[in-house]
Amino acid sequence: MTKNFKEIGNDVSLEVGGEEYPITNASYTEDADVAETQFNSGLNPSIVVTGVTYSGSFEHSGANTDLEDEFYSAEGSPEISLPQQIDELTIIDSQYEYKFENVIVESRDKDFPADDRTEVTYDFMAESLDKSDRSGESTVGLGRKDTTSAPGFGDSNGDNGE
């Protein structure tokens with residue numbers, strides 16, 4: 001697959017609970033947790049990956065109460081809503097599907113501009129990420145192709161997912 005260095009604003013959608021929702025913006029971050037260890041045999045520390053954190057955000061224009069209901073449940077009074085854990089949230093663009101699993105929405109931010117459309121932004125955390133291109137090839141976070149080894153750069157063959 002060739003790289004598209006001039007990639008511009010793809011149409012993006014969000015799939016939650018089997019429903020697809022149009023969104024205007026999406027982003028995600030794969031953040032590797034690292035630790036340094038140093039042995040008596042050398043002066044340079046070794047750096048190891050101890051875990052990976054996945055987070056992201058997406059936004060849509062206008063009101064979408066159906067989407068809000070997917071992420072929040074009203075407990076008791078309607079003024080109090082608590083985030084629910086979502087089994088799967090998928091962001092779909094023209095090239096890839098980013099499937100996040102065990103997702104919790106951390107925050108919901110709604111803007112009410114006087115001269116434009118309302119924008120709603122959601123921030124989320126997830127336990128895992130499965131990225132697959134539209135042809136069906138899949139990788140698991142940070143370019144890894146195996147799903148059974150401990151988090152790290154590259155797969156168990158040591159070829160860094162290439």
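Modeller: Residues are numbered from 1 along each chain as its sequence is written. In this predicted model, local features need pLDDT of at least 70 and side-chain atom pairs count only at pLDDT 80 or more, while totals for chains, interfaces and linings use all residues, and side-chain values use heavy atoms, with hydrogens and water left out.

Biologist: What pattern does the protein follow along the sequence?

Modeller: Helices (H or I, at least four residues) and strands (E, at least two) are DSSP runs, numbered from the N terminus. By that definition the protein has one helix and 10 strands. Read in sequence order, the pattern is β-β-β-β-α-β-β-β-β-β-β.

Biologist: What percentage of the residues of the protein count as buried?

Modeller: A residue is buried under 20% relative accessible area, exposed over 50%, and partly exposed in between (1.4 Å probe, protein chains only). Of the 162 residues of the protein, the buried share is 28%.

Biologist: Which strand does strand 4 join through eight bridges?

Modeller: Two strands pair if DSSP finds at least two bridges between them. Strand 3 (residues 25-37) and strand 4 run antiparallel and are joined by 13 bridges; there, Ser-27 has Ser-57 as its bridge partner. Ser-57 also stands opposite Asp-123 in strand 9. The antiparallel partner that strand 4 meets through eight bridges is strand 9.

Biologist: Why is the pair of Phe-58 and Tyr-122 classed as it is?

Modeller: Rings of Phe, Tyr and Trp (its six-membered ring) pair if their centres lie within 6.5 Å; planes under 30 degrees apart count as stacked, over 60 as edge-to-face and the rest as tilted. By this rule there are eight aromatic pairs. The ring centres of Phe-58 and Tyr-122 are 5.1 Å apart and their planes lie at 20 degrees, so the pair is stacked.

Biologist: How many residues apart are Phe-58 and Tyr-122?

Modeller: Both residues, Phe-58 and Tyr-122, are buried. Phe-58 belongs to strand 4 (residues 46-61) and Tyr-122 to strand 9 (residues 119-133), and the pair links distant parts of the chain, with a separation of 64 residues.

Biologist: Is the pair of Tyr-96 and Tyr-98 stacked or tilted?

Modeller: Tyr-98 is buried, with a relative accessible area of 11%. Tyr-96 and Tyr-98 are both members of one aromatic cluster, which also includes Tyr-28 and Phe-71. Their ring centres are 6.0 Å apart and their planes are at 50 degrees, so the pair is tilted.

Biologist: Which residue has its charged end over the ring of Tyr-96?

Modeller: A charge sits over a ring if NZ of Lys or CZ of Arg is within 6 Å of the ring centre and within 35 degrees of the ring normal. Over Tyr-96, at 4.4 Å from the ring centre, is the charged end of Lys-131.

Biologist: Which residue meets Arg-108 in a salt bridge?

Modeller: A salt bridge is a side-chain nitrogen of Lys or Arg within 4 Å of a carboxyl oxygen of Asp or Glu, and the structure holds one. Arg-108, in strand 8 (residues 96-111), is 40 residues apart from its partner in helix 1 (residues 65-71). At 30% relative accessibility, Arg-108 counts as partly exposed. The N to O distance is 3.1 Å, and the partner is Glu-68.

Biologist: What is the phi of Asn-102 near?

Modeller: Most residues other than glycine have a negative phi. Asn-102 lies in strand 8 and is partly exposed, with a relative accessible area of 28%. Its phi is positive, near 55 degrees.
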